[in-house]
Amino acid sequence: MPRHTIAPEIPGLVASPVTAGTWCAGPARSWDYHHPSDCRQFSKRIAIFMKGDGIGSTVRLIEGDGRRPSFIEHARRVLPDGASDDIAVTVASEMAASLAPSAAATPEEMDERVVSGILVANGFQLDDFYGQTAWLRESNIEGFTFYIRGAPDPHFINIKGQDIVVPLTDRLAPEMPVEVGISNDYDKGNTSCIAPCLEEGVRVILEGMLPHPSEDEVVVFEYEKLFVPKAFAAPRP
């Protein structure tokens, strides 16, 4: 899986994680900035693309999926050779005024906007996940990935070939139960639980309630049992 780092901050915008990979056999990094009211993956956004050789890096104002005819490039700036991240952020800041999103058309679209806003702001990114899709966030321990995805029927599923089958969904709503877990990138290790809503699922990850799995360990936890009351300190004599 690609490695992610934190993008430079632009006040008033929400940054996606930085994705590091290769482009034409050379290293490259990319990340997006969204208006906080619409952080959906293919909404109108400022896309930063920084090439490792420093030649031909770009900042673009785009909308839609680049693989489809409906894709729109509203503006493009090719950065000077050797441009730093600071220069890219300056150019992106100049484009920010053009990032006003359209009004939500349906309640479902409003749900999508709320969900993506919560997840992108907390460092998650929608991506492929073992033949499905999920919102992913890199763990602080190398070789593990946090994930969140919709679980409309709050039962459990093992993501790596076990015989427990529960229908999952690409659609998320803020109050929908979610499957939240930690997956080992290289073997079958996986720990997970079903949280009652999205914000509780994010809390499980951010507060470190789930343990990282050992090799090939698959454990499904009951959500309520993740909360261990802290012992009160004994009064001093």
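User: Which residues of helix α3 (residues 198-206) are buried?

Analyst: In this predicted model, the buried residues of α3 include Leu198, Gly201, Val202, Val204 and Ile205.

User: What puts them on the same side of α3?

Analyst: The arc they cover around the axis is only 150°, so they lie on the same side of α3. The elements that cover these buried residues include α2 (107-121), β9, β10, β11 (178-184) and β12 (190-195). Just after α3, Gly208 has a positive phi of about 65°.

User: Which residues of helix α1 (residues 85-95) are buried, and how do you know that they share a side?

Analyst: The buried residues of α1 are Ala88, Val89, Val91, Ala92 and Met95. They span an arc of only 160° around the axis, which puts them on the same side of α1. Their packing partners are β4, β5, β6 and β7 (72-78). Asp86 and Glu94 are exposed, and the face that carries them is turned away from the buried side of α1.

User: Why is the pair of Trp23 and Phe49 called edge-to-face?

Analyst: Two values are needed, since a pair of aromatic rings is described by the distance of the centres and the angle of the planes. For Trp23 and Phe49 the centres are 5.5 Å apart, and the cut-off for a pair is 6.5 Å.

User: What does the pair of Trp23 and Phe49 tie together?

Analyst: Trp23 is in strand β3 and Phe49 in strand β5, so the pair ties together parts that are 26 residues apart in sequence.

User: Why is Trp23 called partly exposed?

Analyst: The relative accessible area of Trp23 is 48%. Buried would require a value under 20% and exposed one over 50%, so Trp23 falls in between and is partly exposed.

User: Why does the pair of Phe129 and Tyr147 count as tilted?

Analyst: The centres of Phe129 and Tyr147 are 4.8 Å apart, with 35° between the planes. Stacked would need an angle under 30 degrees and edge-to-face one over 60, so the pair of Phe129 and Tyr147 is tilted. Phe129 belongs to strand β8 and Tyr147 to strand β10 (residues 144-150), so this pair ties together parts that are 18 residues apart in sequence.

User: Are Phe129 and Tyr147 buried or exposed?

Analyst: Phe129 has a relative accessibility of 1% and Tyr147 a relative accessible area of 0%. Buried means under 20%, so Phe129 is buried, and so is Tyr147.

User: How many aromatic pairs are there, and which residues do ring pairs link into a cluster?

Analyst: The whole structure has three aromatic pairs. Ring pairs join Phe129, Tyr130 and Tyr147 into a cluster.

User: How much space lies in the largest pocket, and which residues are closest to its centre?

Analyst: The largest pocket holds about 1300 Å³ of space. It is lined by 42 residues, of which Ser30, Asp32, Gln41, Phe42 and Arg45 are the closest to its centre.

User: What makes up the lining of the largest pocket?

Analyst: By residue class, the lining has 17 nonpolar, 13 polar and 12 charged residues. At least two residues of the lining come from each of β3 (18-23), β4 (26-34), β5 (45-51), β6 (58-63), β8 (125-129) and β9 (132-138). The most comes from β4, which supplies six residues.

User: What are the totals for the chain?

Analyst: The chain contains three helices and 13 strands. Of its 237 residues, 42% are buried.

Terms used: Residues are numbered from 1 along each chain as its sequence is written. This is a predicted model: local features need pLDDT of at least 70, side-chain atom pairs count only at pLDDT 80 or more; totals for chains, interfaces and linings use all residues. Side-chain values use heavy atoms; hydrogens and water are left out. On a 1 Å grid over the protein atoms alone, a cavity is a set of points where a 1.4 Å probe fits but cannot get out, and a pocket is an open set with protein on both sides within 12 Å along at least five of seven lines; lining residues have an atom within 4 Å of a point. Grid points are joined across faces, edges and corners, and a volume is the space filled by probe spheres set on the points. Helices (H or I, at least four residues) and strands (E, at least two) are DSSP runs, numbered from the N terminus. Ala, Val, Leu, Ile, Met, Phe, Trp, Tyr, Cys and Pro count as nonpolar, Asp, Glu, Lys and Arg as charged, and the others, Gly among them, as polar. Rings of Phe, Tyr and Trp (its six-membered ring) pair if their centres lie within 6.5 Å; planes under 30 degrees apart count as stacked, over 60 as edge-to-face and the rest as tilted. Buried means under 20% relative accessible area, exposed over 50%, partly exposed in between (1.4 Å probe, protein chains only). The arc is that of the directions from the helix axis to the C-beta atoms. Contact means heavy atoms within 4.5 Å.
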